[in-house]
Amino acid sequence: MTFTLPWKHRWISWLLIVLSAVFVGALYNQLPQEIPSHWNFEGEIDAYQSKPLGAWLMTLIMVGLWAFMECLHVLSPKGYKINSFRTTVGLITNLMLGFILLIQVVQLSVALGAELELPTIIVVGVGVLFICLGNYLGKLRKNFFIGIRTPWTLASDEVWYKTHRLGSYCFVIIGAILVSKAWWPMPPTMLIALIVVLALVPTVYSFVIYRRLHSGDNED
């Protein structure tokens, strides 16, 4: 059975997962019976999980994400194989695993009494993640699992390429906005509206560019 991730990226994935497990194992006996699991827009904890699940959930998510990404090669149908951009898939996988590990470290540190602004840390972390993803988005090729998957991008290699080129810029802009929120306070509704607009731009663009490139395909 052929797996998806190149060896150099697989080793990094395993290392991140092991670091997560070691971190939880080292702190487990010191953790309270309830682990913070959600923060509101004011940065206040408003939900908890029981200790076993709350402590290990992020590690389990990391394992599940890694396993899913490894199986993309098998899950992808004929004509949508990902051999040509396996390295990009590996980079994206490890970026996401690293982000989940960051959430876990901050979450459990807060559970132990550390005074950290988790919402701010997470927003900035998401921003950095988006900026990094934006730099690799244009290297993805047509597939069903990663990228901007609309009916029009999946129908045309050229539409996929052009949409992801634009999407790369949109991701970087979204990331910059999120990172700037740490120093430039912004109402949550305005922030959400900006992100929604920027997220919709590539989707609408994919339809427009498809119509422009294939306007005569459906004519009798």
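User: Which helix does Ala 155 lie in?
Analyst: Ala 155 lies in helix H6, residues 151-155. Helices here are DSSP runs (H or I, at least four residues; strands are E, at least two), numbered from the N terminus. This is a predicted model: local features need pLDDT of at least 70, side-chain atom pairs count only at pLDDT 80 or more, and totals for chains, interfaces and linings use all residues. Residues are numbered from 1 along each chain as its sequence is written, and side-chain values use heavy atoms, without hydrogens and water.

User: What is Ala 155 in contact with, leaving aside neighbours within four places in sequence?
Analyst: Lys 142 and Tyr 210. Contact means heavy atoms within 4.5 Å. The C-alpha atoms of Ala 155 and Lys 142 are separated by 9.0 Å, and the two residues are 13 apart along the chain.

User: Is Glu 70 buried or exposed?
Analyst: Glu 70 counts as buried because its relative accessibility is 2%. Buried means under 20% relative accessible area, exposed over 50%, and partly exposed in between (1.4 Å probe, protein chains only). Glu 70 is in helix H2.

User: What lies 3.2 Å from a polar atom of its side chain?
Analyst: The backbone nitrogen of Leu 5.

User: And Leu 57, where is that found?
Analyst: Also in H2, which spans residues 51-70. Leu 57 has 25% relative accessibility, so it counts as partly exposed.

User: New topic. How many residues has the largest nonpolar core?
Analyst: It has 31 residues. A nonpolar core is a set of buried Ala, Val, Leu, Ile, Met, Phe, Trp, Tyr and Cys residues joined through side-chain atoms within 4.5 Å. Met 62, Leu 72 and Val 89 are among those with the most contacts inside it.

User: Which helices each supply at least two residues?
Analyst: H1 (7-27), H2, H4 and H5. H4 gives the largest share of this core, 9 residues. Another core, of 7 residues, lies apart from it and includes Leu 31 and Leu 108.

User: At what angle do the axes of H4 and H5 cross?
Analyst: Roughly 175°, and the axes come within 11 Å. Here H4 is residues 86-111 and H5 is residues 118-137. Axes are lines fitted to C-alpha atoms, for helices over the stretch in contact, with angles from 0 to 180 degrees between N-to-C directions. The crossing therefore makes H4 roughly antiparallel to H5. Angles over 145 degrees count that way, under 35 as roughly parallel, 65 to 115 as roughly perpendicular and the rest as oblique.

User: Which residues make the contact?
Analyst: Among them are Leu 91, Leu 95 and Phe 99 of H4, and Ile 122, Gly 125 and Leu 129 of H5.

Definitions and conventions:
A polar contact is a pair of N or O atoms within 3.5 Å; within protein, one must be able to donate a hydrogen and the other to accept it, and residues adjacent in sequence count only if both atoms are side-chain atoms.
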